[in-house]
Structure formats: structure tokens, C-alpha cells
Amino acid sequence: MPTRRLYYDDAFLQEFTARVMHCEVLPPDLNAGITGTVWGLILDRTAFYPTSGGQPNDLGKIGDANVLDVRDEGDDILHLVDRKPSNPDVNGCINWPRRFDHMQQHTGQHLLSAMFQERFGLPTVSFHLGAEICTIDLRGPEPTAEFLEGAERAANKAIFEDRPVNVRYGTADQLAQQGVRKDVDRDGILRAIEIEGADLQPCGGTHVKSTGQIGLILVRRCTKVRQDWRVEFVCGGRSERIARHDFHLLRQTAEKLNCAAEDLVVAASRVLAERDANFKTLRSAQERLAEVEAALALQTTPPGTAGFRVFARLFEGVPADYLGFFATAFAKSEKAIALLAASEGGHLLFAQHPSAGKDMNALLKQVLERSSGKGGGTRDFARGRLTEESQAGKAVALAKELLSVS
Ligand SMILES: [Zn+2]
């Protein structure tokens with residue numbers, strides 16, 4: 001005997017009695033996050049919905065046991081529970097907040113899919129009800145912002161009209177005559193869900209009694225996934241939570257920017273423009289400072305053997321760009337060589353005036369062979385970065401030593 005699916009005719013049934021028809025120990029299912037011993041129960045009847053058609057399974061209790069998963073196994077429904085029932089006659093109890101949330105999302109999906117198809121000619125090819133967000137995948141041209149808003153508005157209008165949601169049974173032909181949204185190629189009597197005046201769709205899932213119970217639909221992002229368009233949405237209690245969350249975000253951001261929420265875009269644009277201007281000013285000040293420091297360094301670095309001026313320094317508290325400004329200014333002088341490092345970030349920069357005739361890239365490679373890091377460049381200008389920034393001082397000293405013997 002197949003399991004009688006009580007939710008087919010009464011999706012609002014939260015408690016039921018049933019008889020255990022089959023009970024066996026199942027191996028752990030790591031894929032489903034089930035690590036301990038579990039029992040698989042088949043009952044003569046159940047109100048537990050198994051994962052199928054994009055809607056996740058119910059949770060709850062069967063007797064004292066917690067229901068961990070519910071699976072559709074053809075004619076049977078398999079309940080995975082964490083202990084064996086002591087009695088063949090059991091009481092089942094559905095985790096109702098979870099189920100009602102699923103019914104709000106699922107019925108909302110029927111309505112939203114119907115609006116996309118009817119008004120914009122975009123059929124739904126798949127549906128997913130996630131823990132946070134629900135999605136439908138639409139096929140066809142990219143839905144514009146007007147399409148998304150239009151479908152959302154039309155669906156919410158049907159919610160405000162509180163239309164009845166009915167269960168209908170019929171053959172594929174009978175349903176086709178009644179204008180079913182999705183053609184089915186199955187024999188026998190099929191179950192379909194009708195939203196009066198809006199939609200008729202074959203479905204074995206659980207749904208609310210009238211559209212008013214969906215509460216509100218909020219359409220969120222739309223992204224391209226392979227050849228389709230994935231529309232994110234939430235319904236009912238999720239809409240309330242997400243709208244509240246969005247408002248908190250807006251308010252917190254507005255407080256940070258010291259403005260009203262309505263002025264956020266203007267305020268954020270102003271802050272970004274100020275940041276960009278400050279960055280340019282700071283960069284140009286750093287460049288001038290580096291030139292002055294390089295000129296001073298040239299004065300205090302008299303030419304050594306064969307006229308080389310070798311300057312080695314570990315800078316503290318400067319960005320990597322500063323090394324570049326300094327090195328460029330310093331290496332403008334004949335036979336000048338700058339061996340520089342920044343203690344923050346472990347940046348290295350070796351540069352020379354071409355007349356020095358050394359190979360900065362080869363020198364950098366030699367240093368990086370001994371202290372791990374990455375980098376490269378030309379004969380006159382080479383940059384690198386050490387894996388350990390604390391090694392920057394040693395790396396400069398090593399470069400100077402290697403240079404003196406080359
Ligand atoms: Zn459905």
C-alpha cells in the first residue's frame with residue numbers, strides 16, 4: 001500500500017496519527033549531514049512533505065523521535081528519525097513555522113511565475129526554495145527592471161485581492177483544456193493548483209488557502225545563469241524580515257554618513273569624490289616628499305669606488321608607491337643605485353641609473369632566492385615582495401652585500 005499523503009488534501013494539517021508499516025536502521029548519510037544512527041520509517045499515512053519539486057522537506061516529531069529528513073521514494077514516503085518508535089501507533093507533529101514559510105514561498109512562486117509568463121512571455125524552467133532566498137529561472141530575453149517590477153506589482157495585486165487557491169484533479173487532457181500553465185506528459189489523474197483567475201499549474205506541493213496568506217512578494221536581484229535568468233524573491237514572513245533588515249542597513253549607513261536615508265546616494269557620491277581627491281593630493285605630496293628625500297640622500301651619499309653611489313634603506317610607514325617615487329628620483333643621477341624596502345608589506349625596490357651597469361633584476365632574484373618572495377623587472381628597475389615582511393631589513397642588507405662583491 002502506498003503511503004497516504006495527507007497534505008494533498010489538507011496542507012494545514014499539523015498533527016496526525018499513523019501506523020508504522022516498516023522500520024529499519026539506515027547507514028549514516030554524510031551527504032545529508034546525518035552522522036549518527038538513523039531509522040527509516042514508512043507510515044500508512046503522513047502529513048510530512050518530502051523534498052520534491054523545489055520545496056524542501058518538513059521537519060518535526062514522530063512520537064519522541066526527531067524527524068531529520070523526509071524523502072519521496074515512489075509510492076512511499078521515507079521518514080528519517082533519530083530513534084526507533086516504541087509503539088507501532090504513532091503521533092506525528094509538523095514543525096509548523098517551517099512548513100508555513102515553505103507554503104508562503106511556494107504559493108508565491110506559482111503566482112510570480114504566472115505573472116512573468118502571462119505579462120512578459122517568460123516561462124519558468126525551474127524553482128528553488130532556499131533557506132534564505134527563493135529563486136525562479138526564467139527563459140527568454142533578459143527581464144528589464146520594468147519587467148521585474150511589473151511582475152512583482154501584478155503578483156502583489158493578486159495577493160491583495162485574496163484569491164482562493166484550490167486543488168484540482170484531472171487527466172493531462174482535462175487540465176490542458178482548462179489552460180494549465182505547464183504541459184504534462186503523464187498518465188492517470190494529476191493534481192493541479194489553481195489560483196483563481198490567475199494560474200493553473202500541475203503540482204504535488206503544499207500551498208496556502210488563499211493568496212492573502214502569501215502576505216507580500218519582494219523581487220530582489222536578477223542574474224544570468226547559463227542561458228536563463230535567475231530571479232531572486234521572498235514572500236510572507238521573509239519579506240517582512242528582509243524589508244526590516246534593509247531598513248536597518250539604510251539607517252546605519254545614513255548614520256555613518258551623517259545624513260537622512262533619502263540623501264544616501266548624494267552623500268555617498270560626495271564621500272567617494274572627496275576620497276578620490278584626497279588620494280590624488282596625498283599621492284602628489286608623497287611624490288614631492290620622495291623627491292626631496294632622494295635629493296638629500298644623494299647629498300649624503302658621496303660617490304664610492306668607481307664613482308658608484310649606493311643608497312640602501314628600510315622605510316617605515318610608507319606605501320609601496322613611495323619606494324617607486326624615491327627610486328625614480330634617486331636613480332636620475334649618474335651611477336646611482338637605490339636598494340629600498342618598506343617594512344609594511346615587505347616591498348622591495350632596486351633601481352639604478354643605466355650608467356651604473358649592474359643588473360637590478362638579477363640582484364632581486366638572488367635576494368629572493370634566500371628570502372622567499374616574488375618579483376621581477378628590468379636591468380634598471382626591479383620590484384618584489386617578501387613573503388615575510390619582517391625580513392625586509394635583512395633583504396636590503398643582503399642586496400648591498402651582494403652588490404659590493406659583484
Ligand atoms: Zn506548487
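Reader: In which strand is the place of Leu386?

Author: Leu386 lies in strand β20, which covers residues 381-386. Please note that the model is a predicted one.

Reader: Why is Leu386 called buried?

Author: A residue counts as buried when its relative accessible area is under 20%. Leu386 has a relative accessible area of 4%, so it is called buried.

Reader: What makes β19 and β20 a pair of strands?

Author: Two strands are said to pair if at least two bridges are found between them. Strand β19 (residues 373-377) is joined to β20 by five bridges, so the two strands pair. They run antiparallel, and Gly376 has Arg383 of β20 as its bridge partner. The two strands form a hairpin, with three residues between them.

Reader: Why does Asp82 count as partly exposed?

Author: Partly exposed is the class between under 20% (buried) and over 50% (exposed). The relative accessibility of Asp82 is 27%, and therefore Asp82 counts as partly exposed. This residue is in the loop between β7 (76-81) and β8 (89-94). From Asp82 to Leu323 there are 241 residues along the chain and 64 Å between the C-alpha atoms.

Reader: How do you know that the site of the zinc ion is tetrahedral?

Author: Let us begin with the donors. The zinc ion is coordinated by NE2 of His106, NE2 of His110, SG of Cys203 and NE2 of His207, at 2.0 to 2.2 Å. Donor atoms must lie within 2.8 Å of such a metal, so these four atoms qualify. Four donors count as tetrahedral if all angles lie between 85 and 135 degrees. Here the angles among the four donor atoms are 98 to 124°, and therefore the site is tetrahedral. For four tetrahedral donors the ideal angle is 109.5 degrees.

Reader: How are the donor residues of the zinc ion spaced in sequence?

Author: The spacing is H-x3-H-x92-C-x3-H.

Reader: What makes both faces of strand β13 covered?

Author: The strand consists of residues 199-202, with Asp199 and Gln201 on one side and Leu200 and Pro202 on the other. All four residues are buried, and in this sense both faces are covered. In a regular strand the side chains alternate between the two faces of the sheet. Strand β12 (residues 190-195) pairs with β13 in the antiparallel sense over four bridges, and Ala192 stands opposite Pro202. These strands form a hairpin with three residues between them, and Gly197 in the turn has a positive phi of about 75°.

Reader: Which residues lie nearest the centre of the largest pocket?

Author: They are Gly53, Lys182, Pro202, Cys203 and Gly204, from a lining of 29 residues. The volume of this pocket is about 660 Å³. At least two lining residues come from each of α1 (96-120), β9 (124-129), β12 and β13. The lining divides into eleven nonpolar, twelve polar and six charged residues.

Reader: Why is β10 said to be largely enclosed by the rest of the structure?

Author: Five of the five residues of strand β10 (residues 134-138) are buried, so the strand is largely enclosed. Cys134, Ile136 and Leu138 point one way, whereas Thr135 and Asp137 point the other way. Strand β9 is joined to β10 by five antiparallel bridges and by a hairpin through four residues. Strand β15 (residues 228-235) also pairs with β10 in the antiparallel sense, over five bridges. Ile136 has a bridge partner in each neighbour: Phe127, and Val231 in β15.

Reader: Why is Arg226 called exposed?

Author: Exposed means a relative accessible area over 50%. Arg226 has 68%, and therefore it is exposed. Its place is in the loop between β14 (217-225) and β15.

Reader: What is the phi of Arg226?

Author: Arg226 has a positive phi of about 50°, although it is not a glycine. Most residues other than glycine have a negative phi. Lys335 also has a positive phi, near 55°. It is placed in the loop between α6 (320-330) and β17 (336-342). With 27% relative accessibility, between the limits of 20% and 50%, Lys335 counts as partly exposed.

Methods:
Residues are numbered from 1 along each chain as its sequence is written. This is a predicted model: local features need pLDDT of at least 70, side-chain atom pairs count only at pLDDT 80 or more; totals for chains, interfaces and linings use all residues. Side-chain values use heavy atoms; hydrogens and water are left out. Donors are N, O and S atoms within 2.8 Å of the metal (3.2 Å for Na, K and Ca); water is not among the atoms, so sites may look incomplete. Four donors count as tetrahedral if all angles lie between 85 and 135 degrees; four count as square planar and six as octahedral if opposite donors are over 155 degrees apart and all others between 65 and 115; anything else is irregular. Buried means under 20% relative accessible area, exposed over 50%, partly exposed in between (1.4 Å probe, protein chains only). On a 1 Å grid over the protein atoms alone, a cavity is a set of points where a 1.4 Å probe fits but cannot get out, and a pocket is an open set with protein on both sides within 12 Å along at least five of seven lines; lining residues have an atom within 4 Å of a point. Grid points are joined across faces, edges and corners, and a volume is the space filled by probe spheres set on the points. Ala, Val, Leu, Ile, Met, Phe, Trp, Tyr, Cys and Pro count as nonpolar, Asp, Glu, Lys and Arg as charged, and the others, Gly among them, as polar.
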